[in-house]
Amino acid sequence: MKRALPLLMACAITAAALTGCSPASKEAQTEAATTVESTAETASTPSATPEESADTKASLEAPGSSVLLRVGSLKGPTSIGLVSLMDQSAKGESKGSYEFTMVTDASQLVAQMVSGDLDIALVPANMASILYQKTNQGIHVLDINTLGVLYVVASDDSIASISDLRGKTIYMTGKGTTPDYALQYLLSANGLTAADVTIEYKSEATEVAAVLAQQADAIGLLPQPFVTAAMAQNENLKMVLNLTEEWDKVQSEGGGSLVTGVTVCRSELLDGADSKEAIQTFMEEHKESAAFTNANVEEAAALVAQAGIIEKAPVAAKAIPYCSITYIDGNEMKEKLSGYLNVLYEQDPSSVGGQLPDESFYYIP
């Protein structure tokens, strides 16, 4: 137990960051909306014209390179897919020119996107929708960078499907957050009601991990890398259900996927020829970086530790295969993300900003 505590504490910052590993909490949504409104008021007098915006971007060009793109991400799985590109950029080996910022609070990224201090941000999927509504379509989604990172963890081998949770107690964090919406949706889709499953909410993922360590028959819903940390603490624990896979099972053809993180950019960047080309280059390099992480886990884990995303490379190496790092753009991105946002909207419209985003939310090259 004592040896596992540093591991859990190291994961605490990481898992909290997406709403680190998991989608944005209701408090984070409210804070983000407030941040957008207050920042927008400050920046609204006077508003920049497209020509002024282009001049601003021109001033950010690096000598002998393309337009400098300022990229912000969260200290969690979304940044894990970027580590190869971060490393290449630091060595001067990337095709594009980038300045990377990594934070632990999604509201910081929201504020910097609204103020224009960031050009690109990797944010929770539902927060992208909120940002789109509050900025009057001032951002577009470029890609999905992370699918579901939520797992049901237990020592009970009999749990092989959502329906097997009937009569069970599940420990998790975040009542009224998007992980909660996801679980409630899956329970309902599998014919279970609130009377069939007891959900015990904890304030932090470390509390859920503690229950799993103390109670042999406990069942928890956790994000990565907390899953890896909890399993290191208790060798009997297993990932019995992958919520991404369970989500896909109940989707009709053309339905959405369980999406954790997306990449957004400020709309004005797609208006200028030079900045649009820089965005296209970023998208290509982001795709290559995500592929590198999945194909070269040990090397990527070393970069993850070097970047301070997860403290220890061995822990990162164990967690990466289960962090659902991906790169999905174009029509497939639109299909998966729109379906996911629709599910959230049906459960609580405020979780996506009060209304579903329109077609221009999705950038299709």
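**Close-up 1. Helix α8 packing against helix α15 in a predicted model.** Here α8, which covers residues 178-189, packs on α15 at an angle of about 90 degrees, and the two axes sit 10 Å apart. Anything from 65 to 115 degrees counts as roughly perpendicular, so that's the label for α8 against α15. On the α8 side, look for Thr178, Tyr181, Gln184 and Tyr185; α15 brings Tyr340, Val343, Leu344 and Gln347 to the contact. Sort these residues by class and you get 5 nonpolar and 3 polar, with no charged ones.

**Close-up 2. Helix α7 crossing helix α15.** Now we're looking at α7 (residues 125-134) and α15 (residues 330-347), whose axes come within 10 Å and cross at roughly 85 degrees. This pair is therefore roughly perpendicular too. From α7, the contact uses Ala125, Asn126 and Ser129, while α15 supplies Leu337, Tyr340, Leu341 and Leu344. The class tally for α7 with α15 is 5 nonpolar and 2 polar residues, and again no charged ones.

**Close-up 3. Ser84 and its neighbours.** Ser84 belongs to helix α5, which runs over residues 83-90. What does Ser84 touch, not counting residues up to four places away in sequence? Its partners are Ser289, Phe292 and Leu303.

Definitions and conventions: Residues are numbered from 1 along each chain as its sequence is written. This is a predicted model: local features need pLDDT of at least 70, side-chain atom pairs count only at pLDDT 80 or more; totals for chains, interfaces and linings use all residues. Side-chain values use heavy atoms; hydrogens and water are left out. Axes are lines fitted to C-alpha atoms, for helices over the stretch in contact, and angles run from 0 to 180 degrees between N-to-C directions. Helices (H or I, at least four residues) and strands (E, at least two) are DSSP runs, numbered from the N terminus. Angles under 35 degrees count as roughly parallel, over 145 as roughly antiparallel, 65 to 115 as roughly perpendicular and the rest as oblique. Contact means heavy atoms within 4.5 Å. Ala, Val, Leu, Ile, Met, Phe, Trp, Tyr, Cys and Pro count as nonpolar, Asp, Glu, Lys and Arg as charged, and the others, Gly among them, as polar.
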